[in-house]
Amino acid sequence: MSATVTTMLLVAVQCGLLLALAPVRVGLMRQVRARLEGRAGAGVLQPWRDLAKLARKEPLRAPGVRFGGALPVLLMGASLLLVALLPLLQTATLVAVPDDLFVVVSVLLLGTVAIALLGLDSGTAFGGMGASRHMTVAALVEPTILVAVYALSIPVGTSNLSAIVSARLDHPATVVAPVSLLALVALFIVVIAETGRLPVDNPSTHLELTMIHEAMILESSGRDLGWVEYASWLRLGALLALVANLAAPWGVVQHLHVLAVLIAMVALVLKVAVLGAAIASGEVFLAKLRLFRVPELLAGSFVLAFLAVTASYLTV
Amino acid sequence: MSLLEVGLVAQLALALLAVTAAVAAPTPLRPLLAGGATLLMGLSGVATGALALGGRTGIVSAPLTVGLGLDARMTLAPDRLGGLFMLLAGAVGAVAALYSVGYARGPAGSRTGCAAFAVFLLGLQLVPASGDVVAFLLTWELMAIGSTILVLAEHGRRDQVRSAGLWYAAMTHLSFLFLLAGFAVLTVAGHSSSFAALAAGRISGDQAGLAFVLLTIGFATKAGLVPVHVWLPRAHPEAPSHVSAVMSAAMVKMGVYGVVLTVTRLLPGGPRWWGLVVLALALPSALYGILQASVTSDLKRLLAYSTTENVGLILSAVAISMLAASSGDSAVAGVAMVAALMLTVSHAAFKTVLFLGAGALLHATAERDLDRLGGLVRSMPRTAVAFGVACLGAAALPVTSGFAAEWVLMQARIHGDSRDQLTSALLPAAIAVVALTAGLALLTFVKAFGIAFMARPRSPGATTAHEVNRPMTAAVLIGAAAVLALGLAPGLTATAAATALRSAGVVGAVGAATTTSAAAAVGTGAGWGVALPGIGAHLDPLALTLLALAVTLPVVLVTWLLARRHPRRDVDLVWGGGGVRTSPRMPYTATSFAEPLVRVFDDALQPTRDLRVTHAQESRYLVQEVSFHQHLDDRVEKSLYRPAIAMLDRAGDLARLMQNGSMHRYLGFSFVALLVVLVAVAW
């Protein structure tokens, strides 16, 4: 019983940590990018200030829009559920809700659907355009996710993320095995596509030829926009943390201890910060791909994932 | 007379009652009386199916007076597997009958329409009860004839109905022909027409292979697999909606039942290539079906193609089970077969709601083209809720029945056997195909729900839409509740599926695997969840829902607090994007929604586009009018059936040379025939 309570506590700590730091991570990525481009930048706390400002504003509602308030809350709920399910701090999971990868992917897709419906609900050309592109990318990303996951689960014999992470902790050599590397690169590309970063989507553009994410939330305002932004940051934060934990599982708590939890928190923050800064630096040198070149990128990531599976058969 | 036999006879009696009511009742009361009797028949099917699933046995046998001194009998003796499918058909039929009380007006509510619906459902419920080949083929044909009449119900209103009816009749009889041939081979090889005797007879070798191929083609045609799927996207849209719901949710499943019956009971333990044959049929069907569904804008056609996809997924699970069984991996074989049955039940639940919902839209707006719907969540809130839940189920999102079923399928798949080279190459490909299918299904049903119910109305019909009457909303809401309930408590479906596979007659490799391991490999986990101890995984959607509620509650609270301080303000134009957002021409349509996908799969779909630009008189640079038309043909139909039909036409033309209407020529033929007979006799 007490083990369950501690696990639940740890899940709560994990949610709190990501909730607090997801906007800071966004601020850090923007700051890194600004500095590399020779600008001063707004500081790492700017996203938090934006959220506070949005919370204080009144949301606007156009005639005919029905779910402008409900869908952002649903999206936030899906993002939080995603954070609660992932093994970011510890490898022990809730007994009733194991962090099964298919469940995790479904929760991720629930968020994808919520934001696409938000775009369609607005009843504008932009909203529909964003939703259409978003769903097309999501549909093409799905095979890569599942095949990469399959590749990672073959050596462990289960699709539970925590089992995969702890297997990597126990056998560090598997992290740099070709199977693992190929699958990780594929997963990384998928995370970039699914969360709308360069080169798939440019998070800082409002040009109709290129935008995906921004097009869907163009009509949202006030706290609705706040939730959507917060949820998207949380989602990217959680997925980056997952990739970081798969690539470098060290620091994740296996045997429960207060000090170990603290170390795990510090390690998680460091890993995500390094990965985020790396992505931000990379984005400085990237231009957005043409929308109809994106499938080629995704096909490339799929081939990597497929190679990973093939490699795993060769090594087993 | 056992309780089960009473149930079987009760179905016959209630069908008779429904037909009588349909013929005798005055027009205003006909839908109520005939629909009510059909509803009762469906419920008796549910009860009988549950009894059979629970292990009760009973035999109803009737002599067939064929003449010629043959002693032919037809026997109804449902086993557990048949019980599950009878339960399914009865439940779908009952919901559709309830819906028909409010829906069946005009041709669908005519004497013929109401009577044919009862006969169709009777055939449907008795196919899985059949205990021998004769009964199976008779009830199968009853089902086929009933549904053909119903497909033709609205032939007076639209021209396409006749062509749809013709396609459907041709394909369904093609199916029957193959089944007849397949069962004939079985009966000759097994020296009996009773399923029990055939199962005990252990037919093997070439005869078994031949029978398997013939039966698979026959059942695949009924199940709507590519390339014999062509009747689905024609017959489903043209039939009245409660009929298309039953056809798609239950009748197509009889094809699945047939395949499962063949591989677990009649011909268990088949060689490896059987599994590969089924897989090779199933995977392309899943992908092709959903790709066509994702780009079409006709709602009922979309649902029809999605049926092809789902049957593809179900049979791919059956194929995985067969492959695993042939390499002796009984745990995976059991789980995969359970996954197939769970997918079947789940698809029946959500597809019933989707077709009935599409019928409600058609009823309220007189439109079934998504491009002309929109904004219906305001005018039809109850239908919208039910349709939305069913869309979640079709997209396999938590916490619906589709999610749980697909989860079991994926578990079976990643634990699938990798011991030999062929499977190890096939499995990742199979996973990728299923994943792409799932992704496209997501897009398809976001499109179906988002375009039909959200944004603003795109046609006069959609603007003046109103919520449909009570029996119709009750039917879709009951269906949606089932989708959610089976998603929250998938343990129910899993246990039922595992029980169904424990049929007394199930023997052999696949059978043995499922018999021993389905019970061991599947159980209800903590609470109502599904546990797969055989491969070490469990899923408890109820706990997942509780966790989701727990994390969402603070968000709702914060939103509520903020909303108290800063209420929403209504404005005409939030962000106008040119200031013309009031025009219903501005929102994306279903065609534009799928446009990026059509581009990505350009080579596979080969759309024909017609773009006409009219320039203004003053200057070529000013555009006065643009018209855009896109047409997506079914490529399989185009490249496979059109040439075949053209060839048949030519053969017909050649035959006409002999038959030119000249009396002299016919007399000449008779004379030659007489000569030939005389010569033959004299020889």
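Predicted model: local features only at pLDDT ≥ 70, side-chain atom pairs only at ≥ 80, totals over all residues.
B:Gln606 is exposed, having 12 other C-beta atoms within 10 Å. Residues are numbered from 1 along each chain as its sequence is written, and chains are lettered from A and ligands numbered from 1 in the order in which they are written.

B:Gln606 sits in the loop between helix 24 (602-605) and strand 7 (608-615) of chain B. Helices (H or I, at least four residues) and strands (E, at least two) are DSSP runs, numbered from the N terminus. The phi of B:Gln606 is near 45°, a positive value in a residue other than glycine. B:Ala396 also has a positive phi, near 55°. B:Ala396 counts as buried because 29 C-beta neighbours lie inside 10 Å. The loop that holds B:Ala396 runs between helix 15 and helix 16 of chain B.

B:Val399 is found in the loop between helix 15 (381-394) and helix 16 too. A cis peptide bond, with omega about -5°, joins B:Pro398 to B:Val399. Another cis bond leads from B:Val226 to B:Pro227, with omega near 5°. B:Pro227 belongs to the loop between helix 8 (206-223) and helix 9 (232-238) of chain B. Most residues other than glycine have a negative phi, and most peptide bonds are trans.

Leaving aside neighbours within four places in sequence, B:Ala339 is in contact with B:Ala317, B:Ala405, B:Val408, B:Leu409 and B:Ala412. Contact here requires C-beta atoms, placed from the backbone, to lie within 7 Å.

Between the chains, 63 residues of chain B are in contact with 66 residues of chain A. Helix 17 (421-453) is among the elements of chain B that give two or more residues to this side, and helix 17 gives the most, 14 residues. By class, the side of chain B that touches chain A has 43 nonpolar, 11 polar and nine charged residues. Ala, Val, Leu, Ile, Met, Phe, Trp, Tyr, Cys and Pro count as nonpolar, Asp, Glu, Lys and Arg as charged, and the others, Gly among them, as polar. Strand 1 (residues 60-61) of chain A pairs with strand 6 of chain B in the parallel sense over two bridges; strands pair if DSSP finds at least two bridges between them. A:Leu60 has B:Arg569 as its bridge partner in strand 6 of chain B.

Helix 25 (residues 635-658) of chain B lies largely in the open, because the number buried among its 24 residues is zero. At B:Tyr641, helix 25 of chain B bends by about 30°, and a proline, B:Pro643, follows within four residues. The bend is the angle between axes fitted to the seven residues ending at a residue and the seven starting there.

How values were computed. Contact = placed C-beta atoms within 7 Å. Buried ≥ 20, exposed ≤ 12 C-beta atoms within 10 Å, placed from the backbone.
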